[in-house]
Amino acid sequence: MSAAKRIATIVVEPQKRHTATLFFFHGSGDTANGIKDWLHSVLGKEFSFPHIKLVFTSAPPRPYTIYGGQLSTIWYDRFKFSPDVPEHIESLDYMCQQISSLIEEEVSNGTPQNRIAIGGISMGGGLALHLGYRFHQDVAGVFALSSFLNKDSSVYQSIQDANTAGSVSSLPPLFACHGKADPLVIYDWGKKYVDNFTAAGISTEFHSFPNLAHEMMEDELNLLQDWVMKRLPDK
């Protein structure tokens, strides 16, 4: 069975001619429907763009080690909820390959990678960081809300390889947000990978929110929409 059939998607078509595509990945335990409805409840309207197709994807259920092996809709497994442990690279790479099939389908249907942006919240943002900086370095941009990377993440190795090759400036720009009141993904965890990206020479835009917990807020999403429109302007 192809990845496009295995991974359920909700597609929001643009009101005008489709010239770009945005993938939005939910956090652990959520679904495509869940993140779409959450965005609507925060904004009081649909999260949409005149010319950009939105693709919300649902992670297939799999055992989650930190939940004692219970099934959960997660993009990849974790050995522990901490940046101080190794990544579960097997599950990360597997899911990146599955989502890559959806991205490649967009390309084959006429949307080039430089007219595609990818991102998500929490674990969905982590997935987007791996996709954008390891597998699809030609995308228009990557966003991550309330996310983090493990200290020895393979993403850093890919960035180092690009630096060695003198091509780090061509890596996708990053948009990131994090709440200082986040009790789950600690603010310092999120700030750390952004600082590392900036130090490596990647174009970054970072916004912190003093009273934001592990959630989304209207001001944050308005900033995200502005960034998306800059990265994927109408044409």
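Mentor: Start with a term. A pocket is an open set of grid points with protein on both sides within 12 Å along at least five of seven lines. Keep in mind that this is a predicted model.

Trainee: What volume does the largest pocket have?

Mentor: About 170 Å³. Its lining has 13 residues. Gly-27, Ser-28, Ser-122, Leu-184 and His-214 lie nearest the centre of the largest pocket.

Trainee: Which classes line the largest pocket?

Mentor: Seven residues are nonpolar, four are polar and two are charged.

Trainee: How many cavities of 30 Å³ or more are there?

Mentor: In a cavity, a 1.4 Å probe fits but cannot get out. The search of the whole structure finds one of 30 Å³ or more. The largest cavity holds about 110 Å³ of space. Its lining has 16 residues, and the closest to the centre are Tyr-76, Arg-78, Glu-87, His-88 and Asn-150. By class, that lining has seven nonpolar, five polar and four charged residues.

Trainee: Now the helices. What describes two packed helices?

Mentor: The angle between their axes and the distance between the axes. Here, take H4 (residues 123-135) and H5 (residues 154-164). Their angle is about 25 degrees, and their axes are 9 Å apart.

Trainee: Why is H4 called roughly parallel to H5?

Mentor: Because angles under 35 degrees count as roughly parallel, H4 is roughly parallel to H5. The crossing of the two helices is left-handed.

Trainee: Which residues meet there?

Mentor: From H4 come Leu-129, His-130, Tyr-133 and Arg-134. They meet Ser-154, Val-155 and Ser-158 of H5. This contact has three nonpolar, three polar and one charged residues.

Notes
Residues are numbered from 1 along each chain as its sequence is written. This is a predicted model: local features need pLDDT of at least 70, side-chain atom pairs count only at pLDDT 80 or more; totals for chains, interfaces and linings use all residues. Side-chain values use heavy atoms; hydrogens and water are left out. On a 1 Å grid over the protein atoms alone, a cavity is a set of points where a 1.4 Å probe fits but cannot get out, and a pocket is an open set with protein on both sides within 12 Å along at least five of seven lines; lining residues have an atom within 4 Å of a point. Grid points are joined across faces, edges and corners, and a volume is the space filled by probe spheres set on the points. Ala, Val, Leu, Ile, Met, Phe, Trp, Tyr, Cys and Pro count as nonpolar, Asp, Glu, Lys and Arg as charged, and the others, Gly among them, as polar. Axes are lines fitted to C-alpha atoms, for helices over the stretch in contact, and angles run from 0 to 180 degrees between N-to-C directions. Helices (H or I, at least four residues) and strands (E, at least two) are DSSP runs, numbered from the N terminus. Angles under 35 degrees count as roughly parallel, over 145 as roughly antiparallel, 65 to 115 as roughly perpendicular and the rest as oblique. A crossing is left-handed if the near helix is turned anticlockwise from the far one by less than a right angle, and right-handed if clockwise. Contact means heavy atoms within 4.5 Å.
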